[in-house]
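Work through the exercises below with the sequence and the 3D structure open. Each task is followed by a solution in steps.

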Amino acid sequence: MMETATEEKRRRDVSFGEMYTWHEGMEWNPVERVILERRSVRRYKEEQVPEKLVRRVLEAGRFAPSAGNSQPWKFIVIRDPGMLEEMEKYVRLRCRLLKFLLDWESSPLGRLSWFLSQVYIRLMPNELHPIPFGAIRLIADGKLRLFHGAPTVILVLMDRRGVSKPQVDVGICGQNMVLAAHSLGLGTCWVGFVELFKFGTKWKRKLGIKWPYRLMEGIALGYPVGEPDGMVARELHEIDWWEDGRKRAVF
Amino acid sequence: MGYLTFRERMTIPTYNDPEACRVGKVVIDHEKCNGCGNCALICPGACLYVAGIGKDRKAYMIERMVPDCMSCNDCAAICRRGAIKAAHGYDFGGFYKVLHRAEMVPPRNF
């Protein structure tokens, strides 16, 4: 028999571990559950998120830890469907251009695009990793939407004058909001492709992004279709564990 | 010495070369799959599709040389029947060689 989504959720809800204590093998406590069950949501209902709920999520970001309490972040909340669609269109056009220049499989430039891609991958190994490279193709072909149809988007900006490593602080702040949003029944997805807004003046001017601010990440926010949250398997990572004067590998 | 050789570090893999890259992969249990299509809707790499009619309606993985699967397991999370899961993570080799990883395991409550 197949459980309905609500039944399954109720079953999950009764078995929480206690907060602020630990004994071996205990149930996941609510915070752990939110962390472990959070999945990136890529299909949203059209229903808008209440304003107060977004404000509450932003509060979680405001109280994130930061180096020297510098709080090097600024948020832009966009809830205008027309504007979001325009942004999506802009990114799709940029991706088409990138695909035209770099995708050696389909580009009419032939060998030249192969050469260009090899140069640009070496210049930007993170941005042009095979995974985002594939995403560029998907966005260009209209198979992947920038904000996945989310009704609310939070853009996270970084103040470049932050203490020590403001990039890390912005990441911590964003994850605070993402976890809070999931615990409140929302779905979220980190959108790194907002990077492309930096390669033109149109959106930077319209959104008022200028020095010392730098657009870092977008967070799509909305009610998920179905029940995408849940625990899944992930790769184990090798951990170097130093104790009693020697090192061992722990997984 | 070193877990990423200089040669590997200098090699950018050809993304669409199956010899050089191990891309993500999902396995679908067609006994359990009822073809609801949720996985195909949410797949960030658009590498799942649903085909067939009636009882034969099942999810499949696209047969491109390099699917954009990143083994994120979002499909496993949304599947209410436990019919789909990632088989292994991706490893593009060369400069992008994946280091210090082992098999995929669900969260362990120590």
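**Exercise 1: the contact between the chains**

Asp74(B) and Arg42(A) form a salt bridge, with their closest N and O atoms 2.8 Å apart; the term stands for a side-chain nitrogen of Lys or Arg within 4 Å of a carboxyl oxygen of Asp or Glu. The model is predicted, so local features need pLDDT of at least 70 and side-chain atom pairs pLDDT 80 or more, while totals for chains, interfaces and linings use all residues. Residues are numbered from 1 along each chain as its sequence is written, chains are lettered from A and ligands numbered from 1 in the order in which they are written, and side-chain values use heavy atoms, without hydrogens and water.

Task: describe the interface of chain A and chain B, and find which element of chain A gives the most residues to the side that touches chain B.

Solution. 
1. Count the salt bridges between chain A and chain B: there are four.
2. Name the contributing elements: α5, α6 (130-140) and β5 (234-237) of chain A each give two or more residues to the side that touches chain B. Helices (H or I, at least four residues) and strands (E, at least two) are DSSP runs, numbered from the N terminus.
3. Pick the main one: α6(A) gives the most, with six residues.
4. Take the contacts (heavy atoms within 4.5 Å): 43 residues of chain A touch 38 residues of chain B.
5. Take the area: the two chains bury about 3800 Å² between them, 60% of it on carbon and sulfur atoms. Buried area is the accessible area (1.4 Å probe) that two parts lose on being put together, summed over both.

**Exercise 2: helix α6 of chain A**

Task: is Arg137(A) buried or exposed, and what does Arg137(A) touch?

Solution. 
1. Apply the cut-offs: buried means under 20% relative accessible area, exposed over 50%, and partly exposed in between (1.4 Å probe, protein chains only). Arg137(A) is buried because its relative accessible area is 13%.
2. List the partners: apart from neighbours within four places in sequence, Arg137(A) is in contact with Lys99(A), Asp103(A), Glu105(A), Arg64(B) and Asp68(B).
3. Step past the helix: just after α6(A), Gly142(A) has a positive phi of about 75°.
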